[in-house]
Amino acid sequence: MYFPQLGSLGSAFMQMMLVVGLGLVLSAFVDRKNVWHRSFLFGIAFLLALRYAWWRATETLAPVGLTLDFAASSALLALELSALVGSLSAFVILSRYRDRSTEADQHAGWWGNEAPRVAILIATYNEELEVLERTIVGAKSLRYQNKEILVLDDGRRDWLQEYCAGQGVRYMRRPDNKGSKAGNINHALDRLAEDAEPPEFVAVLDADFVPHRGFVSRSLALFHDPDVGVVQTPQHFFNADPIQHNLNISRSYPDEQRFFFDYMQSSRDAWGITICCGTSSIARYDALMKIGKMPTESVTEDFLLSLKMQEKGYKTVYLNEPLTEGLAPEGLKEYVTQRARWCLGLMQIARSSVGPFAKNNLRLRDRWSVIDSVFYWLPSFVFRIAAITFPLLYWYFNIIVVDARLEDVLIYFGVFYIWVQFAMNLLAPRMVLPLLHDVSQLIAAIPISRAAIVGLLKPKGHPFSVTAKGGDRSRIVIQWRIMAPFAILLALTFIGLCLGIFFDGYAYNDAGDGKWVVLFWTVYNLVVLSITCLACVELPRRERHVADAPERAVFQSGAAAHSVWLVSLTSDTARIRGHAFAPDDRGMLRIEGVGDVESYVIAPTRDGARVQLSPTPEQREALFLRFYADGTAPGVSNVRITAILGDVARRLQFRS
């Protein structure tokens with residue numbers, strides 16, 4: 001009897017299918033909050049990563065010698081293994097998970113009848129009133145009563161002082177900008193120390209972050225433990241980040257920080273290494289004063305604050321509930337600048353008095369936390385650049401950087417990659433799409449790599465760059481300086497591929513099966529670079545607040561009251577359906593929670609109209625609360641694969 005025999009390629013493919021089958025079976029049994037389940041999944045990923053690293057180091061390098069092939073393949077291996085160390089560290093961190101919502105429920109109101117005093121600090125430098133008023137109105141509307149709101153103005157603007165007086169909030173300015181944001185907060189802490197009754201807790205909000213009504217009361221619940229120095233909550237964003245917006249995927253792909261705030265921080269909390277992220281956090285006032293107030297050794301004073309707190313015996317904990325929402329960088333330049341600043345700040349921390357190799361009182365896990373962050377910012381982004389550029393060495397110079405058989409690539413890399421994707425999808429469901437993740441890393445890889453290297457070599461003497469917020473976003477803007485290196489690499493990659501396909505002189509056969517690896521690698525790079533260049537074309541923005549479901553409203557025009565559906569709403573416009581309106585019809589639109597708002601039709605539609613709103617100052621504040629302070633987290637929290645295709649297709653047609 002004849003039994004079909006699988007070849008080496010078929011055998012490799014079957015191993016990958018075995019992993020796929022195992023992943024599908026496990027999906028029915030895995031509990032993402034169970035530590036043993038998480039440890040099993042990431043433990044296997046850890047072992048497969050070591051297996052892959054051993055294979056890469058022992059079987060894929062060019063022959064040892066003083067050759068360009070060996071130098072290039074060794075350099076790529078070193079970068080890849082450095083990035084892999086960061087992945088291994090992440091696997092260990094993600095093997096645990098902690099949710100403190102139940103703890104917050106159990107200890108709500110632990111302070112009894114006398115609520116502790118909370119100072120809410122809103123640090124500002126150059127933000128417009130449109131940005132600031134949302135935050136101030138939201139802070140005033142917190143359910144927590146024993147609070148004082150302070151606007152810390154490093155821009156020293158008289159109009160803001162007048163606005164704060166009208167809102168009944170405390171305004172502070174200082175004579176200089178020494179220490180940037182941390183110095184601004186420290187100046188406020190010094191003034192608070194002079195009060196007859198200093199606060200017991202200090203909440204920090206960036207100028208563009210609006211608190212939900214329960215932000216203070218829910219966060220304070222975790223301070224029942226006297227060892228807690230900081231409670232950090234996640235950051236959510238009511239607008240699309242530049243990559244989401246420019247690719248038109250804000251309705252089908254989460255913002256770039258969602259994985260960190262929804263999953264990584266909860267895992268870090270389980271290890272006791274939660275990172276304070278500045279805004280959306282509350283700190284114990286006495287603990288702040290004991291560590292010498294906000295540290296200024298780094299431009300990312302928030303992470304440094306957690307380390308300084310830990311050194312004095314105070315914990316940073318994480319409450320994973322949507323309690324604030326803010327404005328993501330709207331422009332690509334601001335997005336890149338912000339990430340580069342974070343990277344620079346982390347490198348300054350690594351070289352500071354609380355660095356992983358400095359003499360201090362930090363635990364081993366705190367030192368590991370800093371090292372993990374260094375490996376995230378430095379090797380992973382440098383490797384992302386290398387992954388785009390190294391295939392060009394083969395097409396133009398016949399330099400072989402990966403000498404491997406195709407079936408071995410499937411057995412070692414393919415099995416590892418598929419298992420990691422299944423593990424991540426089981427424990428962070430539909431959170432990351434690898435292709436778009438690579439695009440988001442690549443788009444900022446050059447300035448981040450530069451900031452990482454410069455920050456490690458020269459940690460001091462760097463200016464603080466404020467992330468610009470607001471401004472005119474009504475035009476299409478092509479970010480040529482950001483796009484240029486990717487456009488050049490795209491052209492070189494495409495030309496190199498064409499040369500290899502159409503001209504025998506460039507079709508190097510001595511690469512063996514390694515040529516198939518480079519071919520697939522090159523095609524993938526073409527896709528990544530194309531999407532990256534597309535993301536550098538910034539589309540116009542407009543305010544958008546679309547309800548999850550239409551709601552009932554009433555349009556009163558003269559003696560007639562029309563019951564309509566309110567299907568979209570912004571601070572100055574609305575769209576209604578359910579009745580035909582004439583141009584310039586005027587009346588009052590009754591909106592739940594806002595009241596009767598003076599309105600007029602600006603554009604009749606087939607089944608309704610778009611109307612212009614003229615709210616009173618009180619109604620405008622009510623709209624702010626409706627948009628930003630009430631409800632759940634804005635945006636999408638999971639990848640919607642089928643919707644992405646349609647969204648990108650509309651983007652290519654310049655339709656939203």
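1. A surface patch, as the word is used here, is made of residues with over 30% relative accessible area and no salt bridge, with like charges joined within 9 Å and nonpolar side chains (Val, Leu, Ile, Met, Phe, Trp, Tyr) within 5 Å. Accessible areas come from the Shrake-Rupley method with a 1.4 Å probe, and for residues only the protein chains shown count as cover. Phe13, Met14 and Met17 make such a nonpolar patch, of about 280 Å².

2. A word on the model before going further. It is predicted, so local features need pLDDT of at least 70 and side-chain atom pairs count only at pLDDT 80 or more, while totals for chains, interfaces and linings use all residues. Residues are numbered from 1 along each chain as its sequence is written, and side-chain values use heavy atoms, leaving out hydrogens and water.

3. Back to Met17: you will find this residue in helix H1 (residues 8-26). Helices (H or I, at least four residues) and strands (E, at least two) are DSSP runs, numbered from the N terminus. Met17 has a relative accessible area of 34% and is partly exposed, where buried means under 20%, exposed over 50%, and partly exposed in between.

4. Now for the salt bridges (a side-chain nitrogen of Lys or Arg within 4 Å of a carboxyl oxygen of Asp or Glu). The structure holds 33 of them. In one, Asp269 meets Arg100 with the closest N and O atoms 2.6 Å apart. Asp269 lies in helix H10 (residues 258-271) and Arg100 in the loop between helices H3 (68-94) and H4 (101-106), so this pair ties together parts 169 residues apart in sequence. Asp269 is buried at 3% relative accessible area, and Arg100 is buried at 7%.

5. Two further places are worth a look. Arg157 and Asp153 form a salt bridge at 2.9 Å, N to O; Arg157 is buried at 12% and Asp153 at 0%. Elsewhere, a network of salt bridges links Arg117, Glu148, Arg170 and Asp195.

6. Finally, some strands. Strands pair if DSSP finds at least two bridges between them. E16 (residues 586-591) pairs with E13 (residues 551-557) in the antiparallel sense over three bridges, with Phe555 opposite Leu589. E16 is also joined to E17 (residues 595-605) by six bridges, again antiparallel, and Arg586 has Tyr600 as its bridge partner. E16 and E17 form a hairpin with three residues between them, and Gly593 in the turn has a positive phi of about 80°.

Note on methods
Buried means under 20% relative accessible area, exposed over 50%, partly exposed in between (1.4 Å probe, protein chains only).
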